[in-house]
Amino acid sequence: MEKPLRSKYGTLKISSVEIEAQIEAIIFVFYLRWLLAAYPLGFCGSYILLAGFNPFSQFFKYGMILGTAFGITLLLFSYIIFIWKAKRKRIFLESEKIHALKFESDIKAWRIETLESEPLYWSKYSGLEFEQAVFSLFGKVGWEVSRTFVTGDGGINISGTDGSRKIKIICPQTKLKVDISHLRNALAIKLENDIDDMFIIASPIGFTSQSIDLANKNNIILLDPEDLSKLAQGQFKSFKSKLKVI
């Protein structure tokens, strides 16, 4: 997936939150300086109407009346113009907001995909955080997965189905490479529960050579950070034909 470019998503180069703020800021404001044009016009009209300033009281009276009338007319006219412009602006901003939300969604997906396709992404996790990351990854590649939150017992952490296919995943709680003792424990679980489904052990650190050898002999699939990154890219293929997640 290529990195989304903001320039390809609409005209504005701002976030959806900023666009929403612009939409909410669309309000009508009547500027008092507009009256500076209305009342001079009113007094000018009064002067023409009375053919002068005499009597001055009448001139002032009609000047105020005409000025107010011009002011109200200006107010209504400016409001009609505002409504027309505001509608056009709102339509434009709503369209730009859709583009911005799409970009934000795509960039988020790109970041997740890009991170998960790097082995270092998986190496930084441990414990339940790693288990959650593995759980999320298998959900993204098409499995219906569920978790159990029992830790420290070597039990199955994640179960999944995809049609008739089933998987069981163990994420050992260890700060070192998964050694043969973990594999023997996992193998015992597999045999005791008569599990014929795909059986997977995932580790953010890796596996010892002995554990890899035992896994290969017992149809257990091991996933280290390199394998998990390939799985995130849709490039992982196990020599065991059972695991086809791509």
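**Figure 1. Contact of helices α5 and α8 in the predicted model.** F130, L137 and F138 of α5 meet L228, L231 and A232 of α8, where contact means heavy atoms within 4.5 Å. By class, this contact has six nonpolar, no polar and no charged residues. Ala, Val, Leu, Ile, Met, Phe, Trp, Tyr, Cys and Pro count as nonpolar, Asp, Glu, Lys and Arg as charged, and the others, Gly among them, as polar. Helix α5 spans residues 127-140 and helix α8 residues 225-233; helices (H or I, at least four residues) and strands (E, at least two) are DSSP runs, numbered from the N terminus. The two helices pack at an angle of about 30°, with their axes 10 Å apart. Axes are lines fitted to C-alpha atoms, for helices over the stretch in contact, and angles run from 0 to 180 degrees between N-to-C directions. Helices α5 and α8 are therefore roughly parallel to each other (angles under 35 degrees count as roughly parallel, over 145 as roughly antiparallel, 65 to 115 as roughly perpendicular and the rest as oblique). Their crossing is left-handed, that is, the near helix is turned anticlockwise from the far one by less than a right angle.

This is a predicted model: local features need pLDDT of at least 70 and side-chain atom pairs count only at pLDDT 80 or more, while totals for chains, interfaces and linings use all residues. Residues are numbered from 1 along each chain as its sequence is written, and side-chain values use heavy atoms, with hydrogens and water left out.

**Figure 2. The largest nonpolar core and V134.** This core has 22 residues, and W122, F130, V134, F138 and I169 are those with the most contacts inside it. A nonpolar core is a set of buried Ala, Val, Leu, Ile, Met, Phe, Trp, Tyr and Cys residues joined through side-chain atoms within 4.5 Å; buried means under 20% relative accessible area, exposed over 50%, and partly exposed in between (1.4 Å probe, protein chains only). Two or more residues each come from α4 (119-123), α5, β3 (165-170), β4 (198-202), β5 (220-223) and α8. Helix α5 gives the largest share, five residues. Leaving aside neighbours within four places in sequence, V134 is in contact with W122, I158, I169, C171 and A202. Another core, of 14 residues, lies apart from the largest one and includes I180, L187, I189 and F207.

**Figure 3. Packing of helices α6 and α7.** Helix α6 (residues 180-192) and helix α7 (residues 209-217) pack at an angle of about 25°, with axes 8 Å apart. They are therefore roughly parallel to each other. I180, L183, R184 and L187 of α6 make the contact with Q210, S211, L214 and A215 of α7. These residues divide into five nonpolar, two polar and one charged.

Figure 4. S16 is found in helix α1 (residues 16-24) and, at 8% relative accessibility, counts as buried. L35 belongs to helix α2 (residues 35-50) and is partly exposed, with a relative accessible area of 26%. L35 and G67 are 32 residues apart in sequence and 8.0 Å apart in space, C-alpha to C-alpha.
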